[in-house]
Amino acid sequence: MDIKKIIEDAVNKLKGDEALKKQFLSNPAGALKKLTGIDIPTDQIEKVVAGIKAKLTADNVGDAVKGLGNLFKK
């Protein structure tokens, strides 16, 4: 099982679907099953959830920094 690929695919899908993103935040395991179509083993689900949350947070921070940078351009 390629956890990195699962994380990348899930993040891309979550970025485009706010309802699914809210579902992920309230019920990560259920949302992951819906996103991936596979039942991720319990011992790996926490790693996948943590990876997705980290990636979503990093992308949001990156977007905010870009937005701040645009404020100072002439």
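What follows is a conversation about a predicted model of a protein chain and the reasons behind the words used for it.

Colleague: Why is H1 called roughly perpendicular to H3?

Modeller: The axes of helix H1, residues 3-15, and helix H3, residues 28-36, cross at roughly 95° and come within 10 Å. Angles of 65 to 115 degrees count as roughly perpendicular, and therefore H1 is described as roughly perpendicular to H3. On the H1 side the contact is made by Ile 6, Ala 10, Lys 13 and Leu 14, which meet Leu 32, Leu 35 and Thr 36 in H3. Sorted by class, this contact of H1 with H3 has five nonpolar residues, one polar and one charged.

Colleague: Which residues of H2 and H3 meet?

Modeller: From H2 they are Leu 20, Gln 23, Phe 24, Leu 25 and Ser 26, and from H3 they are Pro 28, Gly 30, Ala 31, Leu 32, Lys 34 and Leu 35. By class, seven residues of this contact of H2 with H3 are nonpolar, three are polar and one is charged.

Colleague: How do you know that the buried residues of H3 lie on the same side of H3?

Modeller: The buried residues of H3 are Ala 31, Leu 32 and Leu 35. Around the axis they cover an arc of only 100°, and therefore they are placed on the same side of H3. Just after H3 comes Gly 37, with a positive phi of about 80°.

Colleague: What makes the pair Lys 5 and Asp 9 a salt bridge?

Modeller: The closest N and O atoms of Lys 5 and Asp 9 are 3.0 Å apart, and the cut-off for a salt bridge is within 4 Å, so the pair qualifies. The structure holds one salt bridge. Both Lys 5 and Asp 9 lie in helix H1, four residues apart, which is about one turn of the helix.

Colleague: Why are Lys 5 and Asp 9 both called partly exposed?

Modeller: Lys 5 has a relative accessible area of 46%, while Asp 9 is at 31%. Buried means under 20% and exposed means over 50%, so Lys 5 and Asp 9 are each partly exposed.

Colleague: How do you know that Ile 52 is buried?

Modeller: The relative accessible area of Ile 52 is 0%, and buried means under 20%, so Ile 52 is buried. Ile 52 is found in helix H4, residues 42-71.

Colleague: Which residues does Ile 52 touch?

Modeller: Leaving out residues up to four places away in sequence, Ile 52 touches Ile 7, Ala 10, Val 11, Leu 14, Phe 24 and Leu 32. Phe 24 and Ile 52 are 28 residues apart in sequence, and from C-alpha to C-alpha they are 9.7 Å apart in space.

Technical notes. Residues numbered from 1 in each chain as written. Predicted model: local features only at pLDDT ≥ 70, side-chain atom pairs only at ≥ 80, totals over all residues. Heavy atoms only, no water. Axes fitted to C-alpha atoms, helices over the stretch in contact; angles between N-to-C directions. Helix = DSSP H or I, 4+ residues; strand = E, 2+ residues; numbered from the N terminus. Parallel < 35°, antiparallel > 145°, perpendicular 65-115°, else oblique. Contact = heavy atoms within 4.5 Å. Nonpolar A, V, L, I, M, F, W, Y, C, P; charged D, E, K, R; others polar. Salt bridge = Lys/Arg side-chain N within 4 Å of Asp/Glu carboxyl O. Buried < 20%, exposed > 50% of the residue type's maximum accessible area, 1.4 Å probe, protein only. Arc of directions from axis to C-beta.
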